[in-house]
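Hello,

Here is the structure I promised to pass on. My notes follow just below it.

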Amino acid sequence: MTMEDQAEEALIENFVEALTAIAGAAPHVIREPEGARGSYRPDFMVEMSSDGEPYRLIVEAKPSLFPRDAREAIWQFRNYLAQQQVGAYPVVPVLMAETISPGARQLLRDERIGYFDSSGSLFIAARGLYLHVDKPASRKQSRSLNNLFAGRRAQVLHAVWVAKSDWFGVHEIAERAGVSPATASETLIAVERREWVEVRGAGPSKERHLINPRALLDAWSTYQGSVKPKAVRHYYVRSTTPPDLQRRLDHECQIEGIRYELTGISAGQIHAPYLSSTSQVSCRIPVGRAMHAALDAIEARPVRDGWNLGVHELKSDDELRFRQRIDDLWVADPLQTYLDLLQAGGRAKELAQHLRAEKLEE
């Protein structure tokens with residue numbers, strides 16, 4: 001038995017246990033349900049009763065479920081039921097998966113299709129029966145849902161955002177994001193499953209474009225709020241105002257041949273002014289000798305408190321692909337600025353919402 005089969009068996013056992021706890025008696029599981037006249041048949045059926053009423057659940061097991069997968073499964077269920085003699089039992093379609101995305105859950109509830117996942121979340125709606133148990137995602141589920149928002153995949157997602165409504169191919173996005181075509185393709189398939197993009201063509205000529213930027217932004221925002229903020233090194237630069245410090249930093253980075261970008265409140269105030277005053281500068285710089293030389297040149301001294309320069313150290317300047325030149329300064333684009341503001345303290349979150357309204361939801 002493969003690991004996938006073992007995981008599915010464990011999920012089935014948990015599902016039966018949950019139904020037993022609800023019904024007060026173990027349901028009858030039919031492992032090989034009758035097939036339809038077509039080629040499709042569900043993975044198994046469950047016959048159970050609740051308050052003396054009998055129900056038949058037809059269950060399809062999937063590794064994971066996102067909106068596109070859910071729509072396809074709903075179509076399969078309806079086609080299957082249209083070709084079966086239902087009988088006296090109320091028949092309830094149920095989708096089971098290790099991980100079910102929030103968007104897929106909502107779609108299934110709207111369509112009155114049942115679901116069960118490895119966290120124990122359960123939804124079943126039928127005549128005389130309504131069950132809804134909503135549990136938080138496990139760490140494993142969270143990784144499955146959020147693996148788009150970190151590392152190379154996040155760069156692909158950022159490139160998709162920057163492309164906005166323009167149609168793009170895999171190789172174009174891979175080049176913009178600085179990743180391999182394989183990574184770009186893998187990420188775009190995941191984006192398709194979430195129904196954030198529209199698709200046309202097939203094979204090498206296949207193209208996509210962003211159609212649901214709000215859902216993408218909402219999901220990324222939720223992820224940012226769920227992870228530990230990245231470490232920021234704090235420095236104090238003597239006798240300087242934020243605008244002067246920004247200019248000095250830009251000058252020294254040019255001398256050292258190092259790329260950088262302002263971010264956080266510094267960039268937010270440039271993209272969409274909101275706060276009456278600021279006293280600190282935040283930037284993103286690839287760590288290395290050149291970074292330290294630039295900081296030494298402006299006499300930046302490491303401190304714990306009373307800082308006026310915050311440095312997000314990057315692994316490489318590949319993470320600066322989407323920066324913008326504004327007023328002779330390099331500035332993180334509105335999306336990166338927004339994401340960094342969500343993890344900053346103080347009034348940064350207010351500025352983040354203002355920036356989103358002004359620049360990201362245009």
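The buried residues of helix H3 pack against strand E3 (53–65), helix H2 (67–82), strand E4 (91–100), strand E5 (114–117) and strand E6 (122–126). Packing here means contact, with heavy atoms within 4.5 Å; helices (H or I, at least four residues) and strands (E, at least two) are DSSP runs, numbered from the N terminus.

Please bear in mind that this is a predicted model: local features need pLDDT of at least 70 and side-chain atom pairs count only at pLDDT 80 or more, while totals for chains, interfaces and linings use all residues. Residues are numbered from 1 along each chain as its sequence is written, and side-chain values use heavy atoms, leaving out hydrogens and water.

H3 spans residues 102–110, and its buried residues are Ala104, Arg105, Leu107 and Leu108. Viewed down the axis of H3, they fall within an arc of 165° (taken from the directions from the helix axis to the C-beta atoms), so they line one face of the helix. Pro102 and Asp110, on the other side of H3, are exposed. Buried means under 20% relative accessible area and exposed over 50%, with partly exposed in between (1.4 Å probe, protein chains only).

Gln155 sits in helix H5 (residues 151–163) and is buried, with a relative accessible area of 12%. Its contacts beyond four places in sequence include Ala177, Asp318 and Phe322.

Thr337, in helix H12 (residues 334–342), is buried at 0% relative accessibility. The Thr337 side chain reaches the backbone oxygen of Ala332 at 3.1 Å and that of Asp333 at 2.9 Å.

Best wishes

How values were computed: Polar contact = N/O pair within 3.5 Å; in protein donor to acceptor, adjacent residues only side chain to side chain.
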